[in-house]
Amino acid sequence: MATTFDWQQLYNPIFSWRCSTRDPAAIWHNGEFYLYFTVQFNQHRWGAPEGYQCFVTVTRDFRNFTNPRPVTPTGYVSPGSVIRFNNKWYMSVTRYPWPTAVCLVESDDLLNWSEPRIVMPTHHGEYWGNEAHGPIDGYLLEWKNRIWLLFTDFQKGTTSQHLGLAVSDDMQSFENLTPDRPLLDSDFYNANRGIENASIVADGDQLYLFCSVGMPEQRIAMLQSNDIMHWSKLDGQAEIDGLRQEWSKFIASAQFVADWRELTGYWVMLFMGTRHFDAYDRMSLGMARSLDLKNWEVLPEGISEEEYRENCRKFQARVKSGELF
């Protein structure tokens with residue numbers, strides 16, 4: 001089944017549901033794109049597990065989407081990536097809120113997923129963690145015949161997040177390769193809570209690491225290496241320009257990068273953004289494309305603030321009337 005992806009028909013934001021759509025991840029399979037994301041139901045539930053859940057929608061063209069369906073119980077966020085291992089699909093998710101842990105879910109069909117299983121617990125090394133947190137934002141990468149798991153967590157005793165790395169050969173147990181240190185030097189962002197939402201893609205023998213940097217006005221940065229254990233210092237020179245539009249002028253973060261060159265001619269980035277400081281009930285997902293993973297072109301912007309808010313009001317009215325749920 002062929003995809004009907006057409007760049008000329010697409011605009012940003014590419015997808016929004018329930019007016020708070022976060023943390024995109026996606027995979028193309030059998031002619032369809034499976035788009036996973038976090039829904040935050042209400043900003044006033046920031047500290048409650050029932051305020052979060054991971055969902056999936058299916059599309060062939062990023063214009064028409066199936067009705068989203070849950071893939072986790074409530075209390076889980078940040079679908080990181082989907083990989084195939086031993087004839088089964090695996091996806092990383094995060095138990096949320098605190099104390100957090102990185103988990104895996106399994107599937108045979110990309111729609112129905114198992115109960116989450118913890119693979120990176122709240123306490124996982126002397127360098128990491130504080131009483132109110134744990135690891136978040138797991139991301140799976142299959143590279144050199146091993147399974148690598150990125151995660152972020154707070155440096156113990158601080159308010160800044162750093163990047164860690166674990167590895168597995170069986171998808172059952174993961175060895176933390178960074179129990180007493182971070183994977184890379186990101187101290188440049190310590191004053192702004194550090195980094196999160198890390199991901200890696202491989203192009204030949206080169207690895208490209210992306211992450212969200214700084215808070216609250218998050219940006220996206222990228223580093224390049226040919227050794228997963230060694231990276232240059234992360235600072236402002238690594239930040240990617242050109243992702244901010246009206247809909248994402250306050251935040252552009254939580255990127256997911258996919259090699260869809262055979263389908264679309266480009267590397268594709270999905271990311272979340274918002275216009276406002278009051279971000280938690282108005283997140284949307286956007287898309288950008290690149291030929292070299294370094295220079296990115298966003299889709300044209302196609303929805304005004306007024307139309308977006310009206311869409312939210314209409315959706316909320318349909319929910320209250322019982323039409324949708």
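**Close-up views of a predicted model**

Figure 1. V167 stands opposite E175, a residue of β13. In this predicted model, strand β12, spanning residues 161-168, runs antiparallel to β13 and is joined to it by two bridges.

**Figure 2. An open sheet of four strands.** The strands follow the order β10-β11-β12-β13, and their pairing is antiparallel. At the edges lie β10 (136-143) and β13 (175-176), each of which pairs on one side only. In general, strands of a sheet pair through backbone hydrogen bonds, in either a parallel or an antiparallel manner.

**Figure 3. The surroundings of N112.** N112 belongs to the loop that connects β8 (101-107) with β9 (117-120). Its relative accessibility is 42%, so N112 counts as partly exposed, a class that lies between the 20% and 50% limits. Leaving aside residues up to four places away in sequence, N112 touches R69, E106 and S107. With R69 there is a polar contact between the two side chains, at 2.7 Å. K88 is 24 residues from N112 along the chain, and the C-alpha atoms of these two residues are separated by 12 Å.

**Figure 4. Cysteines without disulfides.** The structure contains zero disulfides. For C103, which is in no disulfide, the nearest cysteine sulfur is that of C54, 9.9 Å away. C103 counts as buried because its relative accessibility is 1%, under the 20% limit. C211 likewise counts as buried, with a relative accessibility of 1%.

Notes:
Residues numbered from 1 in each chain as written. Predicted model: local features only at pLDDT ≥ 70, side-chain atom pairs only at ≥ 80, totals over all residues. Heavy atoms only, no water. Disulfide = S-S within 2.5 Å. Buried < 20%, exposed > 50% of the residue type's maximum accessible area, 1.4 Å probe, protein only. Pairing = 2+ DSSP bridges. Contact = heavy atoms within 4.5 Å. Polar contact = N/O pair within 3.5 Å; in protein donor to acceptor, adjacent residues only side chain to side chain.
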